[in-house]
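Hello,

Here is the structure you asked for. My notes on its salt bridges and one surface patch follow below it.

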Amino acid sequence: FGLAPPALTLLTLGTMTTRKRLHQEEEEEEWQDASDEEPVKKKPYLVTANGVHDSNTYNYEGLYVGPAPTTSELERKGIKPVVRKRQLTQDEAKQGTETVRVYADGIFDVFHQGHARALMQAKNAFPNVYLIVGVCSDALTNQLKGKLVMSEKERYDAVRHCRYVDEVLQDAPWTVTPEFLEKHQIDFVAHDDLPYNIGTDSTDIYQHIKEMGKFVATQRTEGISTSDVIARIVRDYDIYVRRNLERGYSAKDLNVSYMKEKEVQMRQRLGSLKATASKQLHRSQDSIRGFMGLFGRDGRISEFFHGQKERIKRAFTSPTSSDDEYEE
């Protein structure tokens with residue numbers, strides 16, 4: 001087991017670490033010049049409260065592994081996609097020799113496993129995919145689709161933490177145009193194949209992408225969507241209102257009237273009384289069964305006296321029977 005040559009050692013050290021950090025330009029060399037006799041390791045990164053800066057903002061500085069960067073962050077650093085000279089075909093993309101820039105967009109409200117599965121499919125559309133995810137703003141979504149549960153900031157951050165995402169494009173457009181594809185050097189657009197016409201007069205906002213040969217179809221996860229999650233909450237509205245009131249939320253926090261709050265509290269008290277009464281009833285029934293089992297006609301005491309009575313009868317009748325047999 002001889003020592004590796006110095007050139008091979010340096011090559012190995014240079015290729016071992018492939019993990020990317022969010023702010024690469026701020027990184028220092030892990031080791032000093034290899035010619036030094038005693039390499040000195042740099043100071044470790046400092047992580048404060050797992051990236052939480054305060055209640056409203058997040059600080060990902062110094063994390064060994066941070067969330068996916070936003071497009072605006074990359075632009076501020078001067079990092080831009082390489083301009084492709086010609087359109088990449090799907091057959092070429094499947095070979096895996098080039099990095100394929102795939103774009104997937106959406107609202108991603110109440111981020112759930114259906115969203116994650118769709119992004120997983122987009123990430124695995126080709127062997128070597130760089131996945132850009134566009135997230136629409138609050139203003140655009142409220143205008144074209146409806147009210148949201150999560151704010152745009154919360155939705156941006158939720159998508160950034162999905163493991164399949166390489167970049168998040170904030171304030172994404174509702175409809176993808178050829179100019180947009182060119183600007184961000186997007187090779188393919190991933191979405192489920194069902195026609196999507198919400199917020200537009202078109203029958204399918206992805207139809208022109210399909211005609212360009214740049215569309216990659218994903219499959220929806222049955223039984224889960226943001227609308228399904230909201231429907232579950234609405235269906236059990238009183239339960240969740242009562243649950244949150246019990247946890248210290250006020251009627252104002254839950255946007256319920258004073259009368260509704262008192263109604264829920266009354267139902268809560270009635271439910272508590274009912275549960276208490278049910279427990280006491282079960283205890284009483286157990287006590288009655290225990291009493292009857294002890295003192296009832298077929299109880300243990302009755303069986304005891306009946307057994308004693310039979311033994312006494314046998315004790316008095318047995319000698320008489322013996323005398324009669326002797327006399328015969």
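Asp192 counts as buried, at 10% relative accessibility (buried means under 20% relative accessible area, exposed over 50%, and partly exposed in between, with a 1.4 Å probe and protein chains only). The model is predicted, so local features need pLDDT of at least 70 and side-chain atom pairs count only at pLDDT 80 or more, while totals for chains, interfaces and linings use all residues. Residues are numbered from 1 along each chain as its sequence is written, and side-chain values use heavy atoms, with hydrogens and water left out.

Asp192 meets Arg220 in a salt bridge, 3.5 Å from N to O (a salt bridge is a side-chain nitrogen of Lys or Arg within 4 Å of a carboxyl oxygen of Asp or Glu). This pair links distant parts of the chain, 28 residues apart: Asp192 is in strand E4 (residues 188–192), and Arg220 is in the loop between strand E5 (215–218) and H9. Helices (H or I, at least four residues) and strands (E, at least two) are DSSP runs, numbered from the N terminus.

Asp193 forms a salt bridge with Lys210, with the closest N and O atoms 3.2 Å apart. Asp193 lies in the loop between E4 and helix H8 (207–211) and Lys210 in helix H8, so the pair ties together parts 17 residues apart in sequence. Asp193 is partly exposed at 45% relative accessibility, and Lys210 is partly exposed at 24%.

By this rule the count is ten salt bridges. Arg84, Glu98 and Asp187 are linked in a network of them.

Regards
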